[in-house]
Amino acid sequence: MSTDCLFCKIVAGDIPSDKVYEDEHVLAFRDIAPQAPVHILVIPKAHVATAAHVTGENADLVAACFAAIPQIAKAEGLDSGFRVITNCGEDGGQTVFHLHFHLLGGRSLGANLL
């Protein structure tokens, strides 16, 4: 856990969030600036800064996130589809440096990125 990381503070309960899913390794909560009717951030509870920091030793955290995503999508009624996006680094559009996946849905997202 990083003491100066926004998402680590959410995991610790120091900052409130609108949680939609939680287990031993994963936390998911609604994005405060949604880009779709359903916009949920799915994060590993352990701190990994970016997708570029995923290694053989911590890849199980990514697997845990992706195991949770279909459960969250089903609970949110995203039966006709959804999109999962991760940004990596400043040029990739990452603004919070704690690995996270955007789960987007609730309307046709088309072929565009968002």
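Phe-101 is buried, with a relative accessible area of 5%, where buried means under 20%, exposed over 50% and partly exposed in between, for a 1.4 Å probe and protein chains only. The model is predicted, so local features need pLDDT of at least 70 and side-chain atom pairs count only at pLDDT 80 or more, while totals for chains, interfaces and linings use all residues. Residues are numbered from 1 along each chain as its sequence is written, and side-chain values use heavy atoms, with hydrogens and water left out.

**Exercise 1.** Find how many aromatic pairs there are, and describe each.

*Solution.* Rings of Phe, Tyr and Trp (its six-membered ring) pair if their centres lie within 6.5 Å, and planes under 30 degrees apart count as stacked, over 60 as edge-to-face and the rest as tilted. By this rule there are 2 aromatic pairs. The ring centres of Phe-7 and Phe-29 are 5.5 Å apart and their planes stand at 80°, so this pair is edge-to-face. Because Phe-7 lies in helix H1 (residues 6–12) and Phe-29 in strand S2 (residues 26–30), the pair ties together parts that are 22 residues apart in sequence; helices (H or I, at least four residues) and strands (E, at least two) are DSSP runs, numbered from the N terminus. Both Phe-7 and Phe-29 are buried.

Next, Phe-66 and Phe-101 form an edge-to-face pair, at 5.0 Å centre to centre and with 75° between the planes. Phe-66 belongs to helix H2 (residues 59–75) and Phe-101 to strand S5 (residues 101–105), so the pair ties together parts that are 35 residues apart in sequence. Phe-66 is partly exposed, with a relative accessible area of 41%, whereas Phe-101 is buried.
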